[in-house]
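Welcome! Here is a short briefing to read alongside the sequence and the 3D view.

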Amino acid sequence: MKIAIIGTGNLGLSIAKGLIVNNAYTTLYLTKRNIESIEDWAAYDNVQITSNNKEAVKNCDILIFAVQPRHFEGILKSISDVLTEKHVLISTITGFHISHIESIIGKQHFIIRSMPNTAISVGKSITCVCGNSQGKKRIDIALSIFNRLGVSVEIPEEQMQAATVICASGIAFWMRLIRATTQGAIQLGFEAEIAQEMAMQTCLGAATLLVESGNHPEEEIDRVTTPGGCTIEGLNEMEHSGLSSSLIKGIVSSFNKINQISKSEL
Ligand SMILES: NC(=O)C1=CN([C@@H]2O[C@H](COP(=O)(O)OP(=O)(O)OC[C@H]3O[C@@H](n4cnc5c(N)ncnc54)[C@H](O)[C@@H]3O)[C@@H](O)[C@H]2O)C=CC1
Ligand SMILES: O=C(O)[C@@H]1CCC=N1
């Protein structure tokens, strides 16, 4: 697979790392306006670095766009004359609707909208995808790329904003929970390093329990909460302080914001 990542910033570089570690390309082009910070990546086999998007498009079949929303339209216009029927376009751009992409380059192209997260760099992204009517014919290509870099699911485009909050912003939400747990552990007397190790591994253990058992979280909670014990004491105190409620309110705020951003992109 000849893959170009157009816009190699935070997300683009995470995708590049995932592709390189998993050996999931034959040729990989990484583009950026100022390539200085990514030049070292040219040391990997068959990785080309350029600021010339058209060159990357001409030499690749799969185009993954990871630029800020405000830059996307201009980039699409600038490459539209070199797009051909071989190209599959995969956008990761938040709030940028497929109809908007079609209005710039036409409906005839294979267009896929995706929402990965930065854990794609370690092969652990949950990536949601959807396509235009042409793109649906190539959705398997997108799913197979993203399945090598984690788990992917096809969802209706209407749910893409919600998926962005839960899956992409979700990385930041879970990081904050891990950090707060670490701070609690430090207060209980652990050194920062071991405190973070304990918080991370417990988080990983909890998620793995659910992934592997298919159980509901409350079933696993019941196994931990000894009647009259310390776990239920702590959990109830967290809930009195609004743990679940504050998480849900944060998710809804994030969703409202993404809808606002998305409207201004239309
Ligand atoms: N960061 C994240 O966790 C996620 C980001 N997204 C979306 O991915 C997109 C990129 O986000 P980030 O990586 O965080 O942004 P970023 O600002 O770190 O990266 C964007 C990159 O695009 C480059 N760029 C700008 N104009 C260009 C051009 N004409 N040609 C080539 N490269 C150009 C910039 O130099 C920059 O390196 C955004 O639309 C964002 O909404 C989606 C899911 C997760
Ligand atoms: O915060 C943002 O707006 C983008 C979308 C999801 C992750 N980063």
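In the classes used here, Ala, Val, Leu, Ile, Met, Phe, Trp, Tyr, Cys and Pro count as nonpolar, Asp, Glu, Lys and Arg as charged, and the others, Gly among them, as polar. This is a predicted model, in which local features need pLDDT of at least 70 and side-chain atom pairs count only at pLDDT 80 or more, while totals for chains, interfaces and linings use all residues. Residues are numbered from 1 along each chain as its sequence is written, and chains are lettered from A and ligands numbered from 1 in the order in which they are written.

**Around the ligand**
- By those classes, the shell around ligand 1 holds 10 nonpolar, 13 polar and 2 charged residues.
- In total 25 residues surround ligand 1, and the closest are Gly7, Gly9, Asn10, Leu11 and Thr94; a residue is near a molecule if its C-beta atom, placed from the backbone, lies within 6 Å of it.
- Two or more residues of this shell come from each of α1 (10–21) and α3; helices (H or I, at least four residues) and strands (E, at least two) are DSSP runs, numbered from the N terminus.

**Asn53**
- UniProt lists Asn53 under "binding site" in an unreviewed entry; its positions are given in the numbering used here, feature names are shortened, and annotations may be inferred rather than shown by experiment.
- Asn53 sits in helix α2 (residues 53–59).
- Asn53 is buried because 23 other C-beta atoms lie within 10 Å; buried takes 20 or more, exposed 12 or fewer, and partly exposed is in between, with C-beta atoms placed from the backbone.
- Beyond its neighbours within four places in sequence, Asn53 is in contact with Ile6, Thr31, Ile75, Ser78 and Ile79; contact means C-beta atoms, placed from the backbone, within 7 Å.

**Helices α3 and α4**
- The axes of α3 (residues 69–79) and α4 (residues 98–105) come within 9 Å and cross at roughly 35°; axes are lines fitted to C-alpha atoms, for helices over the stretch in contact, and angles run from 0 to 180 degrees between N-to-C directions.
- Glu73, Leu76 and Lys77 of α3 meet Ile101, Ile104 and Ile105 of α4.
- These contact residues divide into 4 nonpolar, no polar and 2 charged.

**Two loop residues**
- Ser80 lies in the loop between α3 and β5 (88–91), and counts as partly exposed because it has 13 C-beta neighbours inside 10 Å.
- Gly135, in the loop between β7 (125–131) and α5 (139–148), is buried, with 25 C-beta neighbours inside 10 Å.

Technical notes
Contact = placed C-beta atoms within 7 Å.
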